Amino acid sequence: MKAKGLVKFFLYALVVACLYQLSYTFMASMVESDAREYANGDAAKEERYLDSVADKSIFDVGFWKVSYKEAREKQLNLGLDLKGGMNVVMEVSVSDVIRALSGYSTDSTFNEAMALAVKAQESSQADFVTLFVQSFKKVDPNAKLASVFATRENAGKIEFNTPDAEVEKVLRQESERAIDRSFEILRTRIDKFGVTQPNIQRQQGTGRIIIELPGVKDPRRVRKLLQGTASLEFWETYDAGEVLARIGDVNKYLGQRNELEKKTGKISSTDTTAVAASDSGQDSAKAGSSLMSKIGKGGAKTGKDSASLSQEEAIRQNPLFAKLQPNVDPQKGTVPDGPVIGYAMAIDTADINAMFAREDVRMMLPKNLRLLWTAKGVGDGERFFQLIAIKKKGNSDRAPLEGDVITNARENIDNFGQIEVTMTMNPEGSKVWRRLTADNIGKSVAIVLDNYVYSFPNVNSEISGGVSSISGNFTVDEAKDLANILEAGKLPAPAKIVEEAVVGPTLGKEAINSGLIASIAGLLVVILYMAMYYSTAGNIASIAILANLFFTFGVLASLQAVLTLPGIAGIVLSMGMSVDANVLIYERIKEELENGKSLRMAIIEGFTHAYSAIIDSNLTTLLTAIILFTFGTGPIQGFATTLIIGIFSSMFSAIFITRLIIDARVAKEKPINFDTPLSRNLFKVEKIQFIKNRKIFYITSSVIILAGIGSMFLNGFNLGVDFKGGRSYVVQLDKDISSSEVREMLGESMGSRPEVKTFGGDNKFRITTAYLINDKSDEADLKAETKLYEGLKSLIPANMSYEDFASKVVLSSQKVGPTIVDDIKISAVYSIIFGIVGICIYILIRFRKLEYSIGAAAALIHDVLVMLAFVSLLWKIMPFSLEIDQHLIAAILTIIGYSINDTVVVYDRLREYFSLHHGAKDDAEVINDALNATLSRTINTALATMLTVVILLFFGGEVIRGFSFSLLIGLIVGTYSSIFVAASVVLDFGNWRNRNKKA
């Protein structure tokens with residue numbers, strides 16, 4: 001083996017790198033295990049524990065220190081289907097952007113064109129600006145876009161004589177800017193939401209934004225958060241000293257109520273006990289500034305022992321200041337200038353808001369006081385958020401100045417080299433801004449977006465001209481973000497959820513258990529199979545498989561990739577496929593040994609001759625995995641990711657690790673067996689006449705395909721939600737009931753009968769409905785879930801609230817709106833077409849004969865049609881869901897990769913045999929010999945892979961059962977086509993070409 005030293009160095013480096021990356025997962029898991037033990041089932045308590053140790057060192061060896069926060073950020077991420085959470089695709093309404101750019105024009109041509117464009121968007125892949133311009137020209141070919149968009153707000157960009165092409169360019173630029181700003185606003189909202197490891201990304205080429213929120217338990221809150229309208233406001237502020245005494249009164253009042261409740265067990269709704277006059281609210285605030293050091297940050301217990309009695313009393317007597325640290329200097333007892341009331345950790349802000357929202361508390365505070373949190377944290381790790389005192393004008397809830405006056409905002413560097421944000425207002429805004437700053441010299445003006453304070457600069461002098469700058473120790477990126485936020489009110493770009501998937505923690509836990517069982521069982525089956533067939537060499541291959549698994553998880557962790565349930569399926573599948581390289585090598589070595597070569601020479605020749613087939617087969621599989629990653633989303637991308645990593649890892653493990661171990665044994669003269677008494681004489685039979693009987697196989701395939709086509713017309717397909725649109729819910733009921741009874745009950749509630757199917761056991765059902773799917777209002781999702789709740793009310797525990805129903809009975813939900821369904825369908829078709837065409841081009845380049853490419857295309861099209869035929873024939877009679885959805889498309893692409901893997905191995909042997917027997921044998925005999933020579937490898941690889949897929953089918957869980965069944969059918973069909981179709985087409989197409997040449 002050449003460059004053995006380099007291979008060993010790379011192997012050791014890879015092992016160390018994977019250990020390093022996976023160590024973060026191990027460390028984070030240890031801390032989270034301690035948190036679960038400490039919380040004893042209390043989710044809020046567990047979250048507080050983790051928040052309190054976020055910046056504490058959990059590993060320290062001098063040169064390497066790791067905090068829990070760092071470990072959590074670098075650990076192996078679990079997908080939403082494994083840990084629960086919410087995945088949404090939001091679509092920014094570009095139509096609203098266009099309307100705003102037109103100044104909400106009432107022009108009939110414009111409005112008719114808008115209506116046509118909105119309708120066309122439902123079934124078109126083109127962007128909205130293109131559709132609008134086409135519709136505008138269709139309505140009135142002589143109309144000019146500038147006649148609509150040459151408004152005062154667009155001055156300098158669009159004039160009355162601006163050509164249509166330039167106007168379209170401006171519309172496109174402004175639409176992109178609006179989408180970018182919406183993205184920044186959504187990202188800020190999500191960061192503030194406090195979700196661990198959120199993920200938000202733009203779907204390039206569309207106005208869509210993909211958001212993943214692990215661990216979310218309240219989908220309604222998330223929908224409200226994400227779909228809320230962005231609102232930019234400028235407010236006057238109180239000085240903290242003006243209101244902090246009242247805040248201290250609130251703290252003392254709430255403490256007295258807690259004490260009264262402890263003594264009496266209840267509090268009268270009319271009891272408004274006055275705060276004792278023994279010390280003032282200001283004194284209470286001063287005392288509160290040192291309270292945090294007594295009771296721990298946020299009231300969380302910082303050690304493993306329970307909190308002492310004095311700590312519990314301090315929290316009970318000071319409920320507000322146990323979570324909110326007043327902005328008081330504890331040494332001097334003074335209140336600093338500015339509107340900052342106090343500080344709190346993100347986890348405590350909701351509780352503090354709830355205290356201030358109480359009606360009795362509001363009566364104790366000034367009527368024109370509004371309390372808002374900052375968008376950015378301060379202090380160590382930016383974990384503490386400031387509470388700002390906003391001053392309203394009288395009882396009006398409207399800000400003195402709003403974001404619609406901002407015409408431009410950009411980052412800048414001032415004369416002192418500090419980064420600032422410069423903003424420009426329209427004339428009306430300039431007047432209000434001048435008056436607002438003149439009235440607040442020496443005070444702060446708060447800049448608020450979506451009820452969060454982004455900045456509260458101190459006003460030094462009156463600002464005229466409508467141009468001002470905001471400084472706040474910004475980084476360049478922060479200044480850019482703030483500039484985007486300041487401009488957010490300029491162009492309204494509402495964002496609506498067009499696709500949504502929610503997985504509850506119960507279903508996520510079941511998925512983890514199913515995936516773990518399937519992985520272990522699949523690994524054991526493959527190891528046992530290899531040992532029974534290849535003896536010592538099989539055990540060496542098993543070591544390579546274990547190394548492959550280790551490297552796969554290590555690379556996943558290093559790439560910060562997400563491990564999903566289909567991703568686990570990809571790992572289990574790659575275990576079966578990873579033996580392919582070992583089988584190719586071992587079968588070659590066995591052939592060399594049978595030809596009388598020594599063990600050392602047989603090993604060298606076996607590895608050498610197997611390289612070409614291994615590389616070609618894996619590259620074609622890699623191509624389909626890349627296409628799957630490109631066109632897939634969410635869990636499907638997770639499947640593609642693990643498959644891609646598994647391909648590289650299995651090649652390295654099979655070629656190099658196996659070789660290192662075998663060479664080491666040979667050097668020490670230890671015996672290596674490549675077969676067992678059970679497998680020694682298998683496949684050593686008289687040659688099978690594959691080519692001679694090829695017409696029988698052609699007829700067999702044709703009958704199945706024709707039957708499938710007939711079934712597609714008569715029986716149709718069971719389209720999944722992502723292919724037909726609608727809402728889907730997985731529910732678990734307490735009572736034994738049939739799916740037809742559930743269908744009838746929901747039909748009465750929803751007005752039309754939904755599709756109801758059993759989902760595994762334990763009274764689980766999957767309910768699919770199109771109820772209100774075309775309703776774009778924010779309340780549509782809530783209405784649909786309420787109807788579901790009302791329809792199933794008699795099947796759940798009595799007096800169960802809607803909130804408990806949504807969190808306990810509904811295990812998962814999915815929504816796919818009509819605007820995205822067409823995109824999913826087209827992407828699915830494109831992915832299959834590109835997969836087949838890409839592979840055929842590769843085969844043509846690699847083997848340089850058109851008949852090889854045609855044979856591969858025929859085999860792959862055959863596989864797709866036969867798979868679809870079986871899906872159409874069986875979907876009504878299978879005991880599990882067998883749908884046309886993104887999982888099935890993933891299965892088809894996987895089988896395309898697997899089938900061509902088999903075919904390439906046959907082609908590689910064909911090429912070799914044609915060069916050896918050129919002119920000595922006719923083509924049919926050469927092809928038949930090649931098929932027989934590769935039969936052992938084909939059957940072994942197919943059996944190993946099928947065994948792992950059977951494990952997935954029975955133990956992988958209900959979510960991927962249809963996917964696993966489709967894979968199993970595909971594996972059988974793909975193996976069949978590699979043997980009986982591809983090579984036969986090569987012969988027949990070659991003969992046809994030769995006849996044409998002669999003619």
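A residue is called buried when its relative accessible area is under 20%, exposed when it is over 50%, and partly exposed in between (1.4 Å probe, protein chains only). C840 is buried, because its relative accessible area is 10%. C18 also counts as buried, at 3% relative accessibility. The structure holds zero disulfides, a disulfide being a pair of cysteine sulfur atoms within 2.5 Å.

The model is predicted: local features need pLDDT of at least 70, side-chain atom pairs count only at pLDDT 80 or more, and totals for chains, interfaces and linings use all residues. Residues are numbered from 1 along each chain as its sequence is written, and side-chain values use heavy atoms, leaving out hydrogens and water.

Next comes the interior. A nonpolar core is a set of buried Ala, Val, Leu, Ile, Met, Phe, Trp, Tyr and Cys residues joined through side-chain atoms within 4.5 Å. The largest such core has 136 residues, and Y586, I843, I896 and Y907 have the most contacts inside it. Helix 30, residues 886-916, gives the most to this core, with 17 residues. Helices here are DSSP runs (H or I, at least four residues), numbered from the N terminus. Apart from neighbours within four places in sequence, I843 is in contact (heavy atoms within 4.5 Å) with residues including T620, R848, I900, V904 and Y907. A second, separate core of 43 residues includes F128, I209, V222 and V502.

The last stop is G710, which lies in helix 23, residues 694-714. G710 is partly exposed, because its relative accessible area is 28%. Between G710 and A869 there are 159 residues of sequence separation, and their C-alpha atoms are 8.8 Å apart in space.

Terms used: Helix = DSSP H or I, 4+ residues; strand = E, 2+ residues; numbered from the N terminus.
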